[in-house]
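Good morning, and thank you for coming. Please look at the sequence and the structure together while I speak.

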Amino acid sequence: MKDGHGRTIDYLRISLTDRCNYRCIYCMPEEGVQSMCHTDILRIEEIAHVVRVFSNLGIKSVRLTGGEPLVRKGVVDLVRDINDMPGIKNISLTTNGVLLPRMADQLRQAGLSRVNISLDTLDAEQFHAITRRGYLQEALDGIDAALAAGFNPVKINAVAVRQLHQDYLAFAKLSIDRPLHVRFIEYMPVGGANGCGWGPDDVISCEELFEIINRQARVEGLPELVPAGKHQPLGWGPARYFMFPGARGTVGFISPLSRHFCSECNRLRMTADGKIRPCLFSDVEYDMRAALRGDGGDDAIRAVLMEALGAKPDDHHDKVGTERGMSQIG
Ligand code: SAM
Ligand code: SF4
């Protein structure tokens, strides 16, 4: 499936819910955001229907996200359904990890292959302050559960926020002894309407992060990061990967602000209320829910998909803010 700029689009990110058991300071305000009404959220069968039609047109990879996707009832059944669709080659999940100790094995058996766990600090107090609800040990147990269940790769996503003074080297070192792929993500100004308080001074570019990590590594007598080459993990995203020589995992950098990757963009997004978003940084959305609940046939679903595909912009042209927050977009 090609968009209007010749890019192959084969990846769909689906937000299963806007609800979450955490309130991360860069993602949601303390009191949460106005939740979507239950009837506005797509039912599990509706999501599966959309994926089936999309997979017949060339979507090969699906990522489930949210909000926190594991709080959505029916997520294991959805994974199983999607896994049965012949066109789908990979199903992955982005999660805060809290529910993985309970759910990792079922998800793996249902056909989930890859897991990204979000974790921004290894300091217990800071973890609680960032998530406003969570405890570090829950996330660490989630990582253990993901590895034990056999997901490959297991990636750790850390948003770098200057004011938090996270210990980046400690994070990078997680990749040395276990097959963990740690990725740093530049803090993005999504969710203007939610008042998460992003400011340009909060952003640390990946280039700066890379230098900080190497500087700290030298101080500890560690070798510097080298390009990961053939060791880079499976995936279809925009990260650039490095590794400590001889490490079992890698260290990746995702730089939506300092280095656009729009020319390599391969994705569409679907929000929990069934809106197709051609671009994260554009608030233009196409109403799949109306198609599902109106005509409900495959042709109506295809028509919305084609409209969204045709509207995919070539680049976000430095417009990076969004009205909806990450927890709503996914
Ligand atoms: N709850 C799940 C989790 O935290 O992994 C999935 C949803 S969360 C919205 C998806 C990813 O978006 C997480 O890795 C999170 O850290 C990231 N994220 C949220 N707000 C962000 C922001 N303002 N800038 C960069 N990344 C952000
Ligand atoms: Fe929840 Fe994920 Fe947002 Fe944190 S980043 S509040 S875990 S949706």
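Let me begin with a definition: a residue is called buried under 20% relative accessible area, exposed over 50%, and partly exposed in between, with a 1.4 Å probe and protein chains only. This is a predicted model, in which local features need pLDDT of at least 70 and side-chain atom pairs count only at pLDDT 80 or more, while totals for chains, interfaces and linings use all residues. Residues are numbered from 1 along each chain as its sequence is written, chains are lettered from A and ligands numbered from 1 in the order in which they are written, and side-chain values use heavy atoms, with hydrogens and water left out.

With that definition, consider His165. His165 has a relative accessibility of 65% and therefore counts as exposed. It sits in the loop between strand 5 and helix 6 (168–177); helices (H or I, at least four residues) and strands (E, at least two) are DSSP runs, numbered from the N terminus. The phi angle of His165 is near 50°, a positive value in a residue other than glycine.

Arg132 also deserves attention for its backbone. Its phi is near 60°, again positive in a residue other than glycine. Arg132 belongs to the loop between helix 4 (124–131) and helix 5. Is Arg132 buried, exposed or partly exposed? Its relative accessibility is 25%, so Arg132 counts as partly exposed.

A further backbone feature is the cis peptide bond that joins Asn152 and Pro153, with omega about 0°. Pro153 lies in the loop between helix 5 (136–149) and strand 5.

I turn now to the ligands. Which residues come nearest to ligand 1? There are 17 residues around it, and Gly67, Glu68, Thr95, Ser118 and Met188 come nearest. A residue is included here if one of its heavy atoms lies within 4 Å of the molecule. By class, this shell holds 7 nonpolar, 8 polar and 2 charged residues. In this scheme, Ala, Val, Leu, Ile, Met, Phe, Trp, Tyr, Cys and Pro count as nonpolar, Asp, Glu, Lys and Arg as charged, and the others, Gly among them, as polar.

Several polar contacts can be pointed out at this site. The term means a pair of N or O atoms within 3.5 Å; within protein, one must be able to donate a hydrogen and the other to accept it, and residues adjacent in sequence count only if both atoms are side-chain atoms. A polar side-chain atom of Ser118 is 2.5 Å from an oxygen atom of ligand 1. For Gly67, a backbone N or O atom is 3.0 Å from a nitrogen atom of ligand 1. In the side chain of Tyr26, an N or O atom lies 3.2 Å from an oxygen atom of the ligand 1 molecule. The protein covers 95% of the 550 Å² of accessible area that ligand 1 has on its own, an area from the Shrake-Rupley method with a 1.4 Å probe. Strand 3 (90–95) and strand 5 (154–160) are the elements that give two or more residues to the shell around ligand 1.

Ligand 2 has Cys20, Tyr22, Arg23, Cys24, Cys27, Gly67 and Asn96 around it. These divide into 4 nonpolar, 2 polar and 1 charged residues.

Next, the protein interior. A nonpolar core is a set of buried Ala, Val, Leu, Ile, Met, Phe, Trp, Tyr and Cys residues joined through side-chain atoms within 4.5 Å. The largest one has 90 residues, of which Phe54, Leu64, Leu100, Leu107, Phe184 and Met288 touch the most other members. Helix 1 (residues 44–57) gives the largest share of this core, 7 residues.

Leu64 is in strand 2 (residues 61–65), and at 0% relative accessibility it counts as buried. Leaving aside neighbours within four places in sequence, Leu64 is in contact (heavy atoms within 4.5 Å) with residues including Ile14, Leu16 and Ile91.

Ile156, in strand 5, is likewise buried, at 0% relative accessibility. The C-alpha atoms of Ile156 and Asn116 are 5.6 Å apart, although 40 residues separate them along the chain.

Finally, Glu46 lies in helix 1. Is Glu46 buried or exposed? It is buried, because its relative accessible area is 6%. The side chain of Glu46 reaches the backbone nitrogen of Arg43 at 2.8 Å. Beyond neighbours within four places in sequence, Glu46 is in contact with Ile41, Leu292 and Arg293.
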